[in-house]
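User: Could you take a close look at one part of this structure for me? Pick a charged side chain and walk me through its surroundings.

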Amino acid sequence: MATPKEHIIGIHVEDRFDEAQQVQEILTRYGCSIKTRLGLHNTNGTNCSQGGIIILQLIPDNEKAELLIRAMKKLEGVEVKEMVF
């Protein structure tokens, strides 16, 4: 039996203030496909950066995970990169 592959995606959101709602809707819709979620953005304690990065560890061999990736790639101002181990 083959070992399931680890599927990690990075999502770069150029403008968190404009795109966060659409991104969050997709993450919620496909939330059961997400094993781990980590959000990163720069802040100095007073001001937050406009952009941000979300790193997701997806459930291996999950059809809905592919739908999540496709939905994210359709959003303007959002870039998706994938790693499979």
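Analyst: Quick ground rule: helices (H or I, at least four residues) and strands (E, at least two) are DSSP runs, numbered from the N terminus. On that basis, E19 sits in helix α1, which covers residues 16–29. Bear in mind that this is a predicted model, where local features need pLDDT of at least 70, side-chain atom pairs count only at pLDDT 80 or more, and totals for chains, interfaces and linings use all residues. Numbering runs from 1 along each chain as its sequence is written, and side-chain values use heavy atoms, with hydrogens and water left out.

What does E19 touch, leaving aside its neighbours within four places in sequence? The contacts (heavy atoms within 4.5 Å) are V13, E14, E76, G77 and V78.

As for R16, it lies over the face of F17, 5.3 Å from the ring centre; the cut-offs are NZ of Lys or CZ of Arg within 6 Å of the ring centre and within 35 degrees of the ring normal.

Zooming out, the chain has 2 helices and 4 strands, in the order β-α-β-β-α-β. Of its 85 residues, 33% count as buried.

How values were computed
Buried means under 20% relative accessible area, exposed over 50%, partly exposed in between (1.4 Å probe, protein chains only).
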